[in-house]
Amino acid sequence: MKPKLSCEWLHGCSGCEIALLNSGELLLSLFQQVDIVHFPLLMDHKYTDGAGDDEEVSLPEADIGLVTGGVGLESHHGVLKAMRRQCRILIALGTCAVHGGIPAMRNQWTAGCTMETVFSTATTEAAPVPDAVPALLDRVLSIDEQVRVDVSLPGCPPRPKMIVSVVEALAQQKKLRLPYKSVCETCPTVRTGKGQAVIRRGTAKPEYTPDEPLSRMRCLLEQGLLCMGPVTAGGCGGREVPLCLRSRVPCRGCYGPVHEGGNQLLDMMNALASNGIDYRTIIDRKSLLRFSGAHGRLRPEKKRRGGQQLS
Amino acid sequence: MSQVLTINPITRIEGHARISIHLDEAGRVSDARVEIATLRGFEQFVLGRPAEEIPRIVTRICGICPWMHHLAAIKAIDGCFGISPPPTGNLLRELCQVLAHIHDKILHFFFLAAPDFMLGPESDYSVRNIMGLVRSEPELAVQVVRMRQLAVAMLERFAGKAIHPVAGVVGGFARPMDAEIRRDLLVDGQVLLDFACQSLAFAKERVFSRFIEEMLSLGTVTTGFLGTVDAQGSLRLYDGLLRLMRPEGNFDEFPAGDYHRFLAEHVEPWSYAKMVYAKSWGEGFSLDPDQPRGVYRANTLARINVCDRIATPRAQEELAVFRELFGRPARGTLLYHWARLIELVYACERALELLADERIVEPLVYRAAEPGAGRGIGHVEAPRGTLIHDYTTDENGCITRANLIVGTTHNVAPMQLSVRQAADSLIRNGACDEHILNRIEMAVRAYDP
């Protein structure tokens, strides 16, 4: 019997699922090695048999479960708990599942405030906000804040080959090899140890010679561009150079902290200080937690200046 | 006794939704709803952020079409900062957009929709999927996987990150394309165009012809249509004028910046997704199945209906065949699939046109932008429909107001009507089974929500 694979998505964007599909022919080999028993994007297994307005989520048993997205709605609890109950090994796939991801940026506001803003945009009819829907939770949580997680595979999205190789290794009961370096440690740009003392706006562009490889470009942080490479888990480029750097743009931290439990905001402040860079020149410091706002890292501010909250 | 049937979740679509169908005592459908059960609140959490960062945040609205959000946001922020990219910057942006359309369409047609047609809507759920297709048509499946991979690889070769891209920047594009890469892309683009033409021929012969009755009837409703055209009325995906067509076929044309004069968003208590409707028709909004008001559709069928022509030869030939068969505007909901493959041909031809433009390898790819106060409205045609991003910035160039009209939301209201129509015609005397429910889902799948 082939190992069974079950997949669910919560508060995400389906980019992790598309990354899996982007693995190309590896995907075909994966189809041969596992039996997919539940995967809403690809197959028609339902939560219920369709009779009655039953809210109970029924999922099949599986050897390996993949969960993408964090927990952001009331309805996510039942699905996540059912996945944990039914899957022998549970993988948190992608940065949302592991650290909250971009959707956890809303943790800086209450759920009520977010609803108010979204349902009062310029083109929206005046109407009460929807109330016959699964409620928004006040905070977007990573899934390990709710259930035990066996393997964490961050990335926004995770590298396609990495997803397949982890599932295959688990299916064949082999030892896992996960990346452990930072983005900086996988980046070939030139570091001299002497950089700018300030961080410039994101509209500033790096200097480099277009025909030359990345290994001839000066480190972006040293050029005064905010690059989260020092405090971000690597692996996005595999053995090749990091993905954003290939376009000559700085890392924004999408794999989350280098070590689980790390704090990208504090770690980056330290990294800047040790490089003699004035952190006050960063216009939006909270954005250093753009991908890792779960685990209580981002919260609503108690007091806000007048115009800042919303206009 | 009255009864509620639920389909939870709707599967083989790219998001979270469920259907509930209410039956009265006599077993007749009294109401049917597609409920979109998720909200992340981008319009909230972009507030206060430096505007140039927005194109790297809003990509996460959708992992399937991140390029569309990336580019609509970049265009809007270009507007906020009062900058326009050099020609090469625009060419590179558009090339990314059409390449992203290519892999998206292959995904939707072959991975998500085709199993209903090729394995049959009544086949068992455990095989009615891409895995079943791999077993029953291995050669085709391998080709499909390879072609989709090729489109993604083309993007990665010059734009680095394909999912949640970073290569578009305010003022232009991050990096010039080198001549060698361009030569490779021209070769690969031709391979994709051949595949697109084969796919359409294959679908007409093996798929659509066997379901011609369903193509015309399942979920079919009378609505208006919204799409984008150039000054000659030709189909455009990257830029152009919005054309809003009434059910009778006459239309208004306007620049995206005027969207608020033509469109408004209706809120229902049971859906997080707002329902966009044609405010400019002056009839308000209603989902009454016998007399809907203000409802129009977006996405492939809409674009194929609103354009007068397609400016690339192969796609234009296919458009002529389509119009000959189904008229203009064509209404059959499953015709979305046919229109999708015509657009696939167009996207491949357009990619080759862009690559053939000598300017695409020029080194000047962006102009320096200066953060400041302003308002910008950016739009593109996303695979799922017309996508509009509207931002206002303060004097620091940080976001103070955001309004996003996402492709799928145009089709939320028509999907209600299509599901109601399908349920009305398929459920007799309260009798319903898994096969009927799947056919109702097929009406939703056509919209690729």
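How many helices and strands are there in chain B? In this predicted model, chain B contains 14 helices and 14 strands. Chain A, the other chain described here, contains eight helices and seven strands. The two chains are treated in turn below, followed by the contact between them.

Chain B comprises 449 residues, and its radius of gyration is 21 Å. Taken along the principal axes, the C-alpha atoms of chain B fill a box of roughly 70 × 50 × 40 Å. Of the 449 residues in chain B, 65% are buried. The domain assignment of chain B gives domain 1, covering residues 3-36, and domain 2, which is made up of residues 84-220 together with residues 332-368. The C-alpha centres of domain 1 and domain 2 of chain B lie 31 Å apart.

Chain A comprises 311 residues and has a radius of gyration of 21 Å. A compact globule with 311 residues would have a radius of gyration near 19 Å, so the value for chain A is in agreement with this form. The C-alpha trace of chain A spans about 65 × 55 × 35 Å along its principal axes. Buried residues account for 51% of the 311 residues in chain A. Of the contacts in chain A with a separation of 6 or more, 80% are formed by residues 24 or more positions apart. The pLDDT of chain A averages 93, and 95% of the residues score at least 70. Over residues 306-311 of chain A, however, the pLDDT is below 50. Beyond near neighbours in sequence, this stretch has six contacts in the model.

The domain assignment of chain A gives domain 1 (4-171) and domain 2 (179-301). The centres of these domains of chain A, taken over C-alpha atoms, are separated by 27 Å. The contact between them takes 24 residues from domain 1 of chain A and 19 residues from domain 2 of chain A. On the side of domain 1 of chain A that touches domain 2, two or more residues are given by each of helix H4 (95-99), strand S6 (136-141) and helix H6 (160-171) of chain A. H4(A) gives the most to this side, with three residues. By class, this side of domain 1 of chain A has 10 nonpolar, 11 polar and three charged residues.

The contact between the chains takes 74 residues from chain A and 78 residues from chain B. On the side of chain A that touches chain B, at least two residues are supplied by each of helix H1 (15-21), helix H2 (25-33), strand S4 (71-73), helix H5 (111-118) and helix H7 (243-246) of chain A. H1(A) gives the most to this side, with five residues. The residues of chain A on this side divide into 38 nonpolar, 23 polar and 13 charged.

How values were computed: Residues are numbered from 1 along each chain as its sequence is written. Chains are lettered from A and ligands numbered from 1 in the order in which they are written. This is a predicted model: local features need pLDDT of at least 70, side-chain atom pairs count only at pLDDT 80 or more; totals for chains, interfaces and linings use all residues. Helices (H or I, at least four residues) and strands (E, at least two) are DSSP runs, numbered from the N terminus. The radius of gyration is taken over C-alpha atoms; the globule rule is 2.2 Å times the number of residues to the power 0.38. A residue is buried if 20 or more other C-beta atoms lie within 10 Å of its own, exposed if 12 or fewer, and partly exposed in between; C-beta atoms are placed from the backbone. Domain bounds come from an automatic or database domain assignment. Two residues are in contact if their C-beta atoms, placed from the backbone, lie within 7 Å. Ala, Val, Leu, Ile, Met, Phe, Trp, Tyr, Cys and Pro count as nonpolar, Asp, Glu, Lys and Arg as charged, and the others, Gly among them, as polar. pLDDT is the predictor's confidence in each residue, from 0 to 100.
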